[in-house]
Amino acid sequence: MLECSSLVVRYGPIEAVRGCNIAIPSGTIAAVLGANGAGKSSLMKAIAGLVPVASGRIRVDGEDITDMPPHLRARRGIAFALEGRRLLHRLTVLENLRVAWEFRGRGGDFKAAADRAFARFPMLAARSGFQAGLLSGGQQQMLILSAALIRDPRYLLLDEPSLGLAPVVVQQIFAVIAAVCRDGATTILLSEQVVALALSVAHRAYVLKGGRVVREGGAAALASDPSLSSAYLGG
Ligand SMILES: Nc1ncnc2c1ncn2[C@@H]1O[C@H](COP(=O)(O)OP(=O)(O)O)[C@@H](O)[C@H]1O
Ligand SMILES: [Mg+2]
């Protein structure tokens, strides 16, 4: 279980997250929906430890991680692919996976983990020796997701994984997201502006507006609510 209670994130005078309560049961996918500026990235960065929490608590499996530095959260099995593509552009695909592997822990069978990543995205297998900077945007997103998944994290945070990608790539990425949740012990929190897409894989969703949760519920119920996008998402 990943829980945020009364979470507040501020940048100087700007209150980006204003008392959010979310609870994601293990083994499920939760979506954070909202227009640009709603506070999605700030919420996820706070869970990752990349921005300070002004007040409120974050707990994983009952352990309070609110004040824990990001690398220790990583060791607890919290992985993320957040705003901005962070690949080492001059390193190869395989080298990027190795860097992610070393950063997220010690020991283990890297070769087997890389083979699992390549089985998920055969397109990357064919390009394992290519420099990451020479990949297409879609292939880079596959590599970012593969790097986040390399040690089979318990929790995975994905910030707008569809952003800027062609529909065919989006389909592949979301198929992998759904499969990772189905066949593993990975709990996923993903943010999206594309509501239908997020609700197609998520079990539950939270709608953010102005840093507050203004709607929450089961994905199926929200997907069948025609007022959702016009009321909250600026669509
Ligand atoms: N580093 C920052 N410094 C100041 N304000 C920020 C910063 N990052 C985000 N904000 C502001 O916080 C609010 C929420 O932004 P953000 O979390 O990025 O929303 P979203 O990801 O939903 O687009 C916005 O008003 C945004 O302008
Ligand atoms: Mg954002």
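Helices (H or I, at least four residues) and strands (E, at least two) are DSSP runs, numbered from the N terminus. This is a predicted model, where local features need pLDDT of at least 70, side-chain atom pairs count only at pLDDT 80 or more, and totals for chains, interfaces and linings use all residues. Residues are numbered from 1 along each chain as its sequence is written, while chains are lettered from A and ligands numbered from 1 in the order in which they are written.

**View 1. The shell around ligand 1.** A residue belongs here if its C-beta atom, placed from the backbone, lies within 6 Å of the ligand. Among the residues you'll find are Y11, I14, N36, K40 and S41. Both β2 (14-24) and α1 (40-48) supply at least two residues each, and α1 gives the most, with three. Sorted by class, there are four nonpolar, six polar and one charged residues (Ala, Val, Leu, Ile, Met, Phe, Trp, Tyr, Cys and Pro count as nonpolar, Asp, Glu, Lys and Arg as charged, the others, Gly among them, as polar).

**View 2. An open sheet of four strands, in the order β2-β1-β4-β5.** Pairing, which takes at least two DSSP bridges between two strands, is antiparallel here. β2 and β5 (63-64) stand at the edges with a single partner strand each, so one side of each is left without a neighbour in the sheet. Two bridges join β4 (residues 55-60) to β5, and R59 stands opposite D64 in β5.

**View 3. An open sheet of six strands, ordered β6-β7-β8-β3-β9-β10, with mixed pairing.** β6 (78-81) and β10 (212-218) each have a single partner strand, so one side of each is left without a neighbour in the sheet. β6 pairs with β7 (residues 155-159) in the parallel sense over four bridges; look for I78, whose bridge partner in β7 is Y155.
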